[in-house]
Amino acid sequence: MAVHIEEMYRVKYFLDTNILVDLMGGKYPNLNVVMDFFANCPFVDLHSSMYVLYEFAEVRKYELFLAKLKKNLANAGDYSKARIKSNWKVCGQDYSVYKDEIEQQVRDDIKKLENDFDINFEEHPLREEIIRPAMSLFLTTHISKEDALVLLSCVSPNRRESITGMNIVTHDKGFFHASQQDKETINSLFQQENLEVPTVINTHTYISVTKGFPINLYKSSLTDHIEDTLRRKILLRIKEQKKSEFVGYTKKLGNSGNAAKCICFVSSRDESINLADDVILTIIPQSLDCVTYEIPQGISFWKNKAEDKDMIISKGDCISFIDESIDDVTLLRLRKTGNLVFIERY
């Protein structure tokens, strides 16, 4: 039984500067739980860019220096960010005194982002093809020059390819609202560049749970059952990305006799499908363990409890089959109700 996760089954998230900074700050438990989950989920790819990393280093430098000031100066909070950054010296407290410690901390943070969270920074360099449309973008919309670079670079890793299905995660309300307010202009510019517009996700209300209540990733206390909600969100996104290959959902049959050996799914497609010998059924369990299952040659299919010779299925048909070579653990996983089923052809 081979395990295989192709690119189109993976959900891509591009992390903005503020997300990386707050992730390393560790003040928001929901945010850290979500990013830990993403980092360990085989169906998620985490992206960012060297430009974002460059911004991250400067913001962390400021935050760590401010922490030193607050520790040593009673009135450190009276100084504005612009004042502190103007010469990095406040009331005799000079950045140079702390520079070695702060530099090491920032470099350690970057290693943690790369190693612990497996964030890909290298695929998104800046180049002329990005700068030119980015300039047009911030001149014709409410989007800042920095956010324009993020928006374009996240979907254009190099001159030869573009990335589809990208989701930008940001805590910047201005960025999010501008991306919604100027959607028509953004769509037009991206169309001219032959690029797919990424989805901008606002972390204040990122996930909607079953009852419709939003989960705020910046809430000070941990939200219950957040990982279950994340799984549902990812499964829904995978289904949207692979809608042309989506067949339906698995359905559990009986617990005894041949029924206990059957893998069953119900087609929800409007058009008919021909289950020829040269197809692979990919079943993605709700637990997000991937199982790619290649149907053995000559296997018998049952459609609506009768053996099917033509192997053509229509919407609502219940298809089942038995493969004695599947181990008990995998069979149990495949038989659960509600797993996603996709069909691939050689």
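Q: What share of the contacts with a separation of 6 or more comes from residues 24 or more positions apart?
A: In this predicted model, residues 24 or more positions apart account for 72% of those contacts in the protein chain.

Q: And how many helices and strands are there?
A: The protein chain has 11 helices and 18 strands.

Q: What box do the C-alpha atoms fill?
A: Taken along the principal axes, the box is roughly 85 × 45 × 35 Å.

Q: How much of the chain counts as buried?
A: Of its 346 residues, 47% do.

Q: OK, cores. How many residues are in the largest nonpolar core?
A: That core has 79 residues. Y13, M35, F38 and I234 have the most contacts inside it.

Q: Which element gives the largest share of this core?
A: Helix α3 does, with 9 residues.

Q: You mentioned I234. What does I234 touch, not counting residues up to four places away in sequence?
A: I234 touches V11, Y13, F37, F38, C41, F43, V44 and L288. Two of these, Y13 and F38, are also listed among the residues with the most contacts inside the core.

Q: What about another core, apart from the largest one?
A: Another core lies apart from it and has 21 residues, among them F265, M311, I313 and I319.

Q: Back to α3. How do α3 and α5 cross?
A: Helix α3 covers residues 50–72 and helix α5 covers residues 95–115. Their axes come within 9 Å and cross at roughly 135 degrees. That angle makes α3 oblique to α5.

Q: Is the crossing left-handed or right-handed?
A: α3 passes α5 in a right-handed crossing.

Q: Which residues make the contact?
A: From α3 they are L53, F56, A57, R60, K61, L64, F65, K68 and N72. From α5 they are Y95, Y98, E101, I102, Q105, V106, D109, I110 and L113.

Q: How do those divide into nonpolar, polar and charged?
A: The contact of α3 with α5 has 11 nonpolar, 2 polar and 5 charged residues.

Q: New topic: where does S314 lie?
A: S314 is in the loop between β16 (312–313) and β17 (318–321).

Q: Why does S314 count as partly exposed?
A: Because its relative accessibility is 31%, and partly exposed covers the range between under 20% for buried and over 50% for exposed.

Q: What is S314 in contact with, leaving aside neighbours within four places in sequence?
A: S314 is in contact with S267 and S272.

Q: And how far apart are S314 and L113?
A: S314 and L113 are 47 Å apart in space, C-alpha to C-alpha, and 201 residues apart in sequence.

How values were computed. Residues numbered from 1 in each chain as written. Predicted model: local features only at pLDDT ≥ 70, side-chain atom pairs only at ≥ 80, totals over all residues. Heavy atoms only, no water. Axes fitted to C-alpha atoms, helices over the stretch in contact; angles between N-to-C directions. Helix = DSSP H or I, 4+ residues; strand = E, 2+ residues; numbered from the N terminus. Parallel < 35°, antiparallel > 145°, perpendicular 65-115°, else oblique. Left-handed = near helix turned anticlockwise from the far one by under 90°. Contact = heavy atoms within 4.5 Å. Nonpolar A, V, L, I, M, F, W, Y, C, P; charged D, E, K, R; others polar. Core = buried A, V, L, I, M, F, W, Y, C linked by side-chain atoms within 4.5 Å. Buried < 20%, exposed > 50% of the residue type's maximum accessible area, 1.4 Å probe, protein only.
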